[in-house]
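Here are some notes for a colleague who is meeting this structure for the first time. Please read them with the model open alongside.

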Amino acid sequence: MKEQSKEKLTGSIVRQRMEELAPPALAESWDNVGWQVGGDTVEVRAILVSLDVDQEVVEEAARHRATLIVAHHPILFRGLKRIDPTTYQGGMLRRLLCEDISVFAAHTNLDAVRGGVNDALAEVLGLVPTHPLQAVRGAPEGWGFGAVCEMDSVTTEEMVRRVVQALGVAQPRVTRGRGATPQHQRVALLGGSGASMIDDALRAGCTLYITGEVKYHEAQDAARAGLTLIEAGHFHSERPVLRRLVDWLAPLGVPIVESTQVTSPFEADWKEGVG
Ligand SMILES: [Zn+2]
C-alpha cells in the first residue's frame, strides 16, 4: 500500500534534474539535446545511463525494466522523414516505443559544464582542471570545453600508465611532439574527439594533450607544433561521466543503472571492456 501512495516520477522531474547539471543553452547549435523519444509526461520507473543508444542498450534497459535511457550521444540529429522498422535505427525506435522506453540526451552541454565529461575524465586520471580549453559564451566562469590541468610535473609515460589503468585502454596511441619535453607541467584534456582544440591546447601552453581521438594529419600538425598527444579512445575517454550521472540522478529515488555495454564500433574497445 505504501508503494502505491508514493508519487510517480515523471519525465519532467528527470529533465529538470538533468538541465540543472547540463543547461541545454550550453549545447552547440548543431546538436540535438534533450528528449529524443518521449517527453515530460512519461513515467520513469528506472533509468539506464549510457554513452550511446543502440539495440543492445535498448535490450539492456528492458532487462532492467528501465523506462528511460539517459544518453550522452543523441540518437536523432537530422529531421526524420520516415521510420522504416526494417532499418537498424527504425527497428531500434520501434523497439523503444513498443517497450515504452524514453530517451533523453545530454551531449555538448554535458561537455561544457563543470562536473561533466572533462571533470570526470580528469578525476579518474588524477588531474585537477584549472580552466577550460575553450570558454563557452553565456556559461559561468570556469565552464567550457576541455580542461587545462596544472601540476608540478608528470611524464608522458606516467600519463600513459594512468590512461591504461584508469580507463582500461590497453594501448593508447601516443604521438610525440617534436622536441617534446618528457616532463609536463600543463596538460590539456578533452573527452571524445578533441582535434578541434589542438590549437587551444598549444595557446594555453600545454605540452601534453589527452583526448579520445585525432585524425592522422591533425596528429601530424600537433606533433610538429611540439604537442604530445595521448589518444585514449572516444568511448573510454567519455565513459567516466556515466558514474557521475548515476550519482547525480540517485536522489530521484528510482533505480539508476550504469550500462555495461561497450557501444564503441572498434573491436579493440570490446576486448578492453568497460573496466
Ligand atoms: Zn562523444
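1. A residue is called buried if 20 or more other C-beta atoms lie within 10 Å of its own, exposed if 12 or fewer, and partly exposed in between, with C-beta atoms placed from the backbone. Thr108 counts as buried because it has 23 C-beta neighbours inside 10 Å, and of the 275 residues of the chain 42% count as buried.

2. This is a predicted model, in which local features need pLDDT of at least 70 and side-chain atom pairs count only at pLDDT 80 or more, while totals for chains, interfaces and linings use all residues. Residues are numbered from 1 along each chain as its sequence is written.

3. Thr108 lies in helix α5, residues 108-112; helices (H or I, at least four residues) and strands (E, at least two) are DSSP runs, numbered from the N terminus. Apart from neighbours within four places in sequence, Thr108 is in contact with Ala27, Glu28 and Asp31, where contact requires C-beta atoms, placed from the backbone, within 7 Å.

4. The chain holds twelve helices and 13 strands, and five strands form an open sheet of mixed pairing in the order β1-β4-β3-β2-β13. Strands pair if DSSP finds at least two bridges between them. At the edges stand β1 (34-37) and β13 (256-258), each with a single partner strand, so one side of each has no neighbour in the sheet.

5. Within this sheet, β2 (residues 47-50) and β3 (residues 68-71) pair in the parallel sense over four bridges, and the bridge partner of Ser50 in β3 is Ala71.

How values were computed
Contact = placed C-beta atoms within 7 Å.
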